[in-house]
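Student: Could we go through this structure together? I would like to start with single residues and then move on to the whole chain.

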Amino acid sequence: MSKLVIVESPSKAKTIQKYLGPDYKVVASMGHVRDLPKARLCVDVKDNFRPKYTIIKGKEQLVKDLKAEAQKADGVLLATDPDREGEAISWHLAYILDLEEDAPDRVTFNEITKTGVAEGMAHPRTIDMDLVNAQQARRILDRLVGYTLSPFLVKTIRKGLSAGRVQSVAVRMIVDREEEIRAFVPKEYWSLDAKLTAPPARSVFQAAFFGDRNGEIEINSKEQADKILAELEGQDFVVGPVKKGRRSRQPAPPFITSTLQQEASRKLGFQAYRTMRAAQELYEGVDIEGQGAVGLITYMRTDSLRISEDAIREAGEFIDGRWGGKYLPPKPRRYKSRAGAQDGHEAIRPSTISLTPEKVKSSLTPDQYKLYKLIWERFIASQMANCVLNTTQANILAGDYIFKASGFNVAFEGFTALYEESKDEQEKAGKDLPPLEEGQKLKLRELTGNQHFTQPPPRYTEASLIKTLEENGIGRPSTYAATISTITMREYVAREGKAFKPTELGEVITKLMKEQFPKIVNVRFTAQVEDDLDAVQRGDEAWVETLRTFYDDFDKTVQKAKKAMEGVKIHLKEDETDEICEKCGRPMVVKHGRYGKFIACSGYPECENVKKFINDTGAPCPKCGGKIIERKSKKGRVFYGCDRYPDCDFVSWDPPSKEKCPICGKVLMQKKTKDRRMYCVTPGCTFPGKVPED
């Protein structure tokens with residue numbers, strides 16, 4: 001007989017089995033086995049919000065098998081993930097398997113390595129009911145909000161809509177940003193740039209207009225710019241005061257969940273769900289050639305920057321061995337987590353530092369390798385010495401006016417030898433200046449005036465949205481991927497390149513929610529709910545009281561909204577079409593059913609005429625002249641093809657642009673890559689492609 005260890009996934013089971021050996025049998029529950037059923041609310045509000053859990057449909061046989069294994073075993077250990085969700089899965093398993101409430105049958109692993117598994121197995125504990133209750137409170141709260149607001153939206157707008165506590169706030173943020181952009185009034189301003197050389201040096205450097213001896217001057221019109229340019233004509237450009245210095249740049253801390261999602265979006269182009277899927281695989285274990293199943297990273301759902309002393313020591317030894325002692329900081333780096341962090345787990349780091357990305361590349365999928373390389377390099381860099389820069393700032397005098405030039409060169413590369421953090425708004429790289437001495441006369445190569453206009457705030461990208469959600473305390477790192485997937489799948493927002501733009505549906509829902517449920521889409525209120533759930537997790541608040549405080553006010557708001565919107569039906573322009581029903585002469589409209597969109601007569605039920613929905617791009621097929629329409633593959637991926645299929649077999653993963661080929665006159669397709677290059681697909685056409693102008 002052996003002890004039974006239950007985890008969530010088969011890959012995790014395989015890795016842990018390797019470390020535990022024949023005295024244990026490790027099996028997978030395949031995630032949750034018990035939950036609130038989908039068909040009904042299943043929360044008894046009058047009986048202290050008592051949830052009515054049932055076995056998840058399709059897992060009945062799995063539960064029978066788990067019960068049979070538990071009866072045969074000498075004991076059962078629950079080794080699900082070390083977070084709220086994992087604790088809840090263990091609690092449900094304990095209930096199903098009839099395990100004693102006070103039995104020390106719960107084990108957790110921060111990393112799935114030989115050491116991590118041994119450490120977890122050596123410290124079994126009872127199930128943490130504070131963690132369980134925090135998960136229950138979140139699950140019930142989201143069920144109450146979703147199952148109450150979703151029918152309201154369906155009745156008021158159309159079928160297939162849903163509302164959620166976190167997703168509604170995320171959509172509001174995107175809508176609010178779009179309104180800012182629309183309301184933005186650009187202001188004109190000018191810059192004056194001088195291209196100079198410092199003989200005998202021949203290299204050209206640039207100096208930007210600053211002002212005069214009285215201070216900075218803003219140039220707001222062409223007339224003002226032309227006046228200053230005229231006054232500068234014939235003036236000598238002479239070096240004024242020169243300030244030289246040194247600046248140190250510190251490495252970024254190791255990843256937490258949110259920063260991993262942001263950096264993977266910026267550097268790898270990964271969406272949050274793709275990042276978390278690869279991270280889960282790396283944590284649970286990957287078959288490494290010659291070593292078997294190995295967990296390559298520590299637990300990936302964390303908000304803590306804490307690092308174990310062993311990992312810090314190993315990183316230092318690795319850095320010393322590869323780059324030398326000068327690449328180590330004076331003392332090991334320890335990072336402080338942000339205020340309010342739960343600090344339940346370490347930061348995300350490689351479990352075994354000696355397993356470099358190059359060593360394991362052949363055993364990983366492309367996504368796993370890219371993400372592991374990112375995690376490994378970020379962690380090692382976080383323990384390296386500062387990058388040191390030599391900086392130069394010089395005033396350039398031209399008559400009564402002053403220009404400024406600045407530059408730097410790298411005195412010591414430090415951590416940048418391995419890794420540099422990406423930013424949403426990349427800073428312009430500065431260049432080194434030639435040797436400059438005060439009083440030195442410079443040679444003017446070119447002096448130009450350039451018109452600019454202030455820009456509106458940028459739309460949210462996935463990285464900047466996650467960053468803003470975290471900064472405002474909306475949701476938790478483990479929920480960001482699901483939230484973003486939901487609002488895009490429901491078509492409340494659309495992606496334009498990397499940016500999010502609200503759809504008409506998203507804007508209408510947000511407007512309705514602001515009017516009828518202001519607290520639900522209020523950033524501060526939603527953040528306070530998250531704080532309340534954290535208090536439940538700490539054991540500072542009772543979960544039932546937390547729910548009651550929220551629900552009493554929420555229920556009153558719902559009843560008031562239902563009364564206010566009684567009989568009101570909001571129609572969307574995006575649901576209108578130009579088609580007329582050939583049977584009754586009424587307009588045809590877009591409807592939303594179980595299997596997606598379709599076209600139906602607005603006179604339903606008197607007229608039941610329906611048609612297949614076709615998303616026409618408005619572009620002609622370059623092969624036969626038919627219409628290019630949007631289609632979806634069996635896996636849901638969007639592609640573009642001719643509406644005359646199968647007579648015409650034209651298909652493209654890239655969408656058509658609005659431009660025509662300058663050589664053959666056919667439509668140009670547009671790459672989905674960062675440069676959005678347009679190219680011609682007409683056979684025999686020699687058009688080389690071009691990048692669109694913004």
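Student: Where does Gln135 lie?
Tutor: In this predicted model, Gln135 lies in helix α5, which covers residues 129-156.

Student: Is Gln135 buried or exposed?
Tutor: Gln135 counts as buried, because its relative accessibility is 6% and the cut-off for buried is under 20%.

Student: Which residues does Gln135 touch, leaving out those up to four places away in sequence?
Tutor: Gln135 touches His32, Arg84, Glu85 and Ala88.

Student: And how far apart are Gln135 and Glu87?
Tutor: In sequence, Gln135 and Glu87 are 48 residues apart, while in space their C-alpha atoms are 8.4 Å apart.

Student: What about Ser150, which helix is that in?
Tutor: Ser150 is in helix α5. With a relative accessible area of 11%, Ser150 is buried. Not counting residues up to four places away in sequence, Ser150 touches Val145, Leu161, Ser162 and Ala163.

Student: Why does Thr275 count as buried?
Tutor: Thr275 counts as buried because its relative accessibility is 0%. Apart from neighbours within four places in sequence, Thr275 is in contact with Leu260, Gln261, Ala264, Phe270 and Leu371.

Student: Next topic: helix packing. How does one describe two packed helices?
Tutor: One gives the angle between their axes and the distance between the axes.

Student: What are those values for α6 and α13?
Tutor: Helix α6 (residues 165-183) and helix α13 (residues 462-471) pack at an angle of about 120 degrees, and their axes are 11 Å apart. The crossing of α6 and α13 is right-handed. On the α6 side the contact is made by Ala170, Met173 and Ile174, and on the α13 side by Leu465, Thr468 and Leu469.

Student: Now the backbone. What should I expect of phi and of peptide bonds?
Tutor: Most residues other than glycine have a negative phi, and most peptide bonds are trans.

Student: What is phi for Cys42, then?
Tutor: Cys42 is not a glycine, and its phi is positive, near 55 degrees. Cys42 is found in the loop between β3 (34-35) and β4 (43-44). Its relative accessible area is 9%, so Cys42 is buried.

Student: And Asn48, where does that lie?
Tutor: Asn48 lies in the loop between β4 and β5 (50-51). Asn48 has a positive phi near 55 degrees. At 40% relative accessibility, Asn48 counts as partly exposed.

Student: Which residues does a cis peptide bond with omega near 10 degrees join?
Tutor: The bond from Pro199 to Pro200 is cis, with omega near 10 degrees. Pro200 is placed in the loop between β8 (188-197) and β9 (205-212). A cis peptide bond also joins Tyr604 and Pro605, where omega is about 10 degrees. Pro605 is in the loop between β21 (596-601) and β22 (610-612).

Student: Finally, the whole chain. How many helices and strands are there?
Tutor: The chain has 17 helices and 29 strands. Of its 694 residues, 47% are buried. The C-alpha atoms fill a box of roughly 95 × 80 × 60 Å along the principal axes.

Student: What about the charges, how far apart are their mean positions?
Tutor: The mean positions of the 111 positive and 101 negative charges are 4 Å apart.

Notes: Residues numbered from 1 in each chain as written. Predicted model: local features only at pLDDT ≥ 70, side-chain atom pairs only at ≥ 80, totals over all residues. Heavy atoms only, no water. Helix = DSSP H or I, 4+ residues; strand = E, 2+ residues; numbered from the N terminus. Buried < 20%, exposed > 50% of the residue type's maximum accessible area, 1.4 Å probe, protein only. Lys, Arg positive; Asp, Glu negative; His and termini not counted. Charge placed at Lys NZ, Arg CZ, Asp CG, Glu CD. Axes fitted to C-alpha atoms, helices over the stretch in contact; angles between N-to-C directions. Left-handed = near helix turned anticlockwise from the far one by under 90°. Contact = heavy atoms within 4.5 Å.
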